[in-house]
Amino acid sequence: MSRLLRPRWLELQLLVVPAAASLVGLLTIYLARNGRTSWSWADLTVSLLFIGVVFLTHFWLTLLRVRSDELLLPIVVMLSCLGLLLSQRLGPAIPHGGVWASLSQRQLVYLLVAFLALGTTVGLVRRFEVLRRLRYTWAVTAIALTIFTMLFGTDLGSGARLWIDLGPVTVQPGEVVKVLLVLFLAGYLDDHRELIASSYRVGPFRLPPLPYLIPLVVMWGLSVLVVVLQNDLGNALLLFGIFLVMLYVVSGRSLYVIAGSLAFAVAVAIALRLFPRVEQRVSIWLNPWSDPTGIGLQPVQADLAFAHGHLLGAGWGFGYPQAIPVVATDYAFAAIGEELGSLGSVAVIALYLLLVMRGLFIAVRIRNSYVRLLSVGLVTVLGLQALIILAGNVRLLPLTGITLPFISAGGSSLITNFVIIGLLLRASEFARD
């Protein structure tokens, strides 16, 4: 049997930590909510279900004989555990809203589907060459999804038409677009790696051949369209940031990053002048106390939540995170800051840093140039998205309305991010021993 299956002992041992955290956390929330000390195993059904699907995923990877990295899954499971506990904590305090289930029930269902998506991705993606051959299909699909959302999208109260209403559920195509973009860029940039890295001199500048500047212009235009037509500064920043990172990895030239960043900054500055909503977001970021009970209510309540958390936090169930509007998606980190304190917040940031560093460590050890570039792009999606929303929560950047990976409520984000982890697990098999 040992010859057929390769045990993933390190992964198995590390998964015990989030499994225990889910039991202790849910029990704490339950006891704090009910104000008594008696409980039964039935009260821990959610955590037991979560633990069951986590270890089933581990055994599925073992059954597939995947020789992948054994740290990625435990890190992601720990972040997902925090997201599940937060949804259980906020569930009773958030209005049902007339949808098909409560916040906590929906998050549990989304999480189960996300684990299924991870297992399916690992099971199906065995040869990355197929993904590479379909690079233009990914590009066309991404553009079609973006245009379709611009034309037929639904605004769920954020002021941006980012969702597609499918009746009982709504999906956010932008979450899928970011993965499709990475799949396209990895294939395109790797195909033209030498030409993009080459250059000719124009005065003091060295530029690549003009035809290969077209993707830069297209990405800039797409990002501007996302800002202008969808009022979505966060996704525009994320998409353009992914492109710049991947372009830098291929070319090794910082000039592209500087020029691209300046071009994007010019576009945002123009949008500030032309579109009141973008300007309002910036003014709220700079001075939320100018209207603390109106448009500044969300950042003001988030600041108060962090202050209330102090060093150790109020404890699960003892804070007031529900006072922050849209806390489950936009301000999940502020809720953690209040109930788990500064130490809990630092631990969350450390988990994201560990995830990104592990992903980059895997990427630099991969010999296949396409898989290496794809891995860098996928890790950049997770790292950049986490950085943008974490900085938005603590007001280092304007709040952009994107989700905190694996923690914020929302099925589209959760499932897409688990697919990314599935691809990274497969890619890590290419890493040198």
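This is a predicted model: local features need pLDDT of at least 70, side-chain atom pairs count only at pLDDT 80 or more; totals for chains, interfaces and linings use all residues.
Asp155 has Arg161 as its bridge partner in E2.

E2 also pairs with strand E3 (residues 170-171), again in the antiparallel sense and over 2 bridges. Here Asp165 stands opposite Thr170 in E3. E2 and E3 form a hairpin with 4 residues between them. Within the turn, Gly167 has a positive phi of about 85°. Taken together, the 3 strands make an open sheet in the order E1-E2-E3, with antiparallel pairing. E1 and E3 are its edge strands, each pairing on one side only. Strands of a sheet in general pair through backbone hydrogen bonds, in either a parallel or an antiparallel arrangement.

Helix H6 (residues 135-152) lies across E1 and E2. The direction of H6 is at about 90° to that of E2.

Leu145 is a residue of helix H6. Its relative accessibility is 26%, and it therefore counts as partly exposed, since the buried class requires a value under 20% and the exposed class one over 50%. Leaving aside residues up to four places away in sequence, Leu145 touches Pro173, Val176, Val177 and Leu180. The C-alpha atoms of Leu145 and Gly174 are separated by 7.9 Å, although the two residues are 29 residues apart along the chain.

## Helix H1

Helix H1 (residues 9-34) contains 26 residues, which at 1.5 Å a residue should span 38 Å. After H1 comes Gly35, which has a positive phi, near 65°.

The buried residues of H1 include Glu11, Leu15, Pro18, Ala19 and Ser22. Also among them are Gly25, Leu26, Leu27, Ile29 and Tyr30. These buried residues of H1 pack against helix H2 (45-63) and against H3.

## The nonpolar core

The largest nonpolar core comprises 113 residues. Within this core, the residues with the most contacts are Phe50, Phe128, Leu189, Leu355, Ile407, Phe418 and Ile421. Helix H3 (residues 72-90) gives the most to the core, contributing 13 residues. Helix H3 is also one of the helices against which the buried residues of H1 pack.

Ile421 illustrates contacts between separate parts of the sequence. When residues up to four places away are not counted, Ile421 touches Val76, Leu118, Leu355, Leu382 and Phe406. Leu355 is likewise listed among the residues with the most contacts inside the core.

## The protein as a whole

The protein has 16 helices and 5 strands. It consists of 433 residues, of which 51% count as buried. Considering contacts with a separation of 6 or more, 72% are accounted for by residues 24 or more positions apart.

The accessible surface of the protein comes to about 19,500 Å². Carbon and sulfur atoms account for 69% of this surface.

Note on methods
Residues are numbered from 1 along each chain as its sequence is written. Side-chain values use heavy atoms; hydrogens and water are left out. A nonpolar core is a set of buried Ala, Val, Leu, Ile, Met, Phe, Trp, Tyr and Cys residues joined through side-chain atoms within 4.5 Å. Buried means under 20% relative accessible area, exposed over 50%, partly exposed in between (1.4 Å probe, protein chains only). Contact means heavy atoms within 4.5 Å. Two strands pair if DSSP finds at least two bridges between them. Axes are lines fitted to C-alpha atoms, for helices over the stretch in contact, and angles run from 0 to 180 degrees between N-to-C directions. The expected span of a helix is 1.5 Å times one less than its number of residues. Accessible areas come from the Shrake-Rupley method with a 1.4 Å probe; for residues, only the protein chains shown count as cover.
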